[in-house]
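Subject: Structure handover and notes

Dear colleague,

I am passing the structure on to you with this message, and my notes follow it. Please read them alongside the sequence and the coordinates.

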Amino acid sequence: MRFVTVNMFDTVFNKTTWDCHADGGSLATTLSDYRDTLCPMFDVAYSALLEDLEQRGMLDTTLVLAMGEFGRTPVLNPRGGRDHWPGCWSVLFAGAGIRGGQVIGASDAWGGEPKDRPVTPAEIAATVYAALGLDPRQRIPGPDGQLVRLADAEPIRELF
């Protein structure tokens with residue numbers, strides 16, 4: 001198995017990035033930057049990658065996952081930005097047997113908390129393992145030598 005990690009930016013400081021604090025200093029990105037720069041840039045790159053993998057016959061065997069480690073606050077901060085928010089965020093899955101064109105779960109009206117079919121980080125990990133052909137219930141030695149499961153959850157079955 002091969003793994004590739006792609007970061008859109010080499011740093012979040014002094015550049016327009018997803019770190020949208022609008023602090024006017026080193027993390028100055030605003031919501032307008034999302035609309036005008038970041039989202040269009042991501043859309044072009046992500047869709048081009050999926051199209052290229054499909055054309056090369058590689059999408060069925062390649063898992064493409066787009067995610068961050070948390071979401072953004074459901075309300076603007078006093079500077080007009082959005083800070084870190086672990087309560088609710090989005091993840092995109094494609095390829096490797098994932099059924100496309102569906103949405104699993106929903107947030108509340110404010111985008112602050114899961115409302116419908118919440119998905120846990122452990123389910124995301126289990127889904128990645130399953131898409132790569134690994135049993136997420138498989139046990140491996142942990143740091144102390146005790147056997148632990150690859151993921152302490154089941155895969156997101158609706159995706160397959």
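Predicted model: local features only at pLDDT ≥ 70, side-chain atom pairs only at ≥ 80, totals over all residues.

Residues are numbered from 1 along each chain as its sequence is written, and side-chain values use heavy atoms, with hydrogens and water left out.

The protein has two helices and eight strands, where helices (H or I, at least four residues) and strands (E, at least two) are DSSP runs numbered from the N terminus. Their order from the N terminus is α-β-β-β-β-β-β-α-β-β, and the C-alpha atoms fill a box of roughly 45 × 40 × 35 Å along the principal axes. Of the 160 residues, 26% are buried, a term that means under 20% relative accessible area, with a 1.4 Å probe and protein chains only. Counting as contacts heavy atoms within 4.5 Å, 52% of the contacts between residues at least 6 apart in sequence join residues at least 24 apart.

Helix H1 covers residues 31–55, and because its 25 residues at 1.5 Å each should span 36 Å (the expected span being 1.5 Å times one less than the number of residues), the 34 Å between its end C-alpha atoms agrees with that expectation. The buried residues of H1 are Tyr34, Leu38, Tyr46, Leu50 and Leu53, and their cover includes strands S1 (64–66), S2 (71–72) and S4 (92–94). Just after H1, Gly57 takes a positive phi of about 75 degrees.

Leu53, which lies in H1, has a relative accessible area of 8% and is therefore buried. Beyond its neighbours within four places in sequence, Leu53 is in contact with Met58, Leu59, Thr62 and Val64, and the C-alpha atoms of Leu53 and Val64, 11 residues apart along the chain, are separated by 9.7 Å.

His21 sits in the segment before H1 and is also buried, because its relative accessible area is 10%. Leaving aside neighbours within four places in sequence, the contacts of His21 include Arg72, Arg79, Arg82 and Asp83, together with Leu27 and Thr29.

Conventions: Buried < 20%, exposed > 50% of the residue type's maximum accessible area, 1.4 Å probe, protein only.
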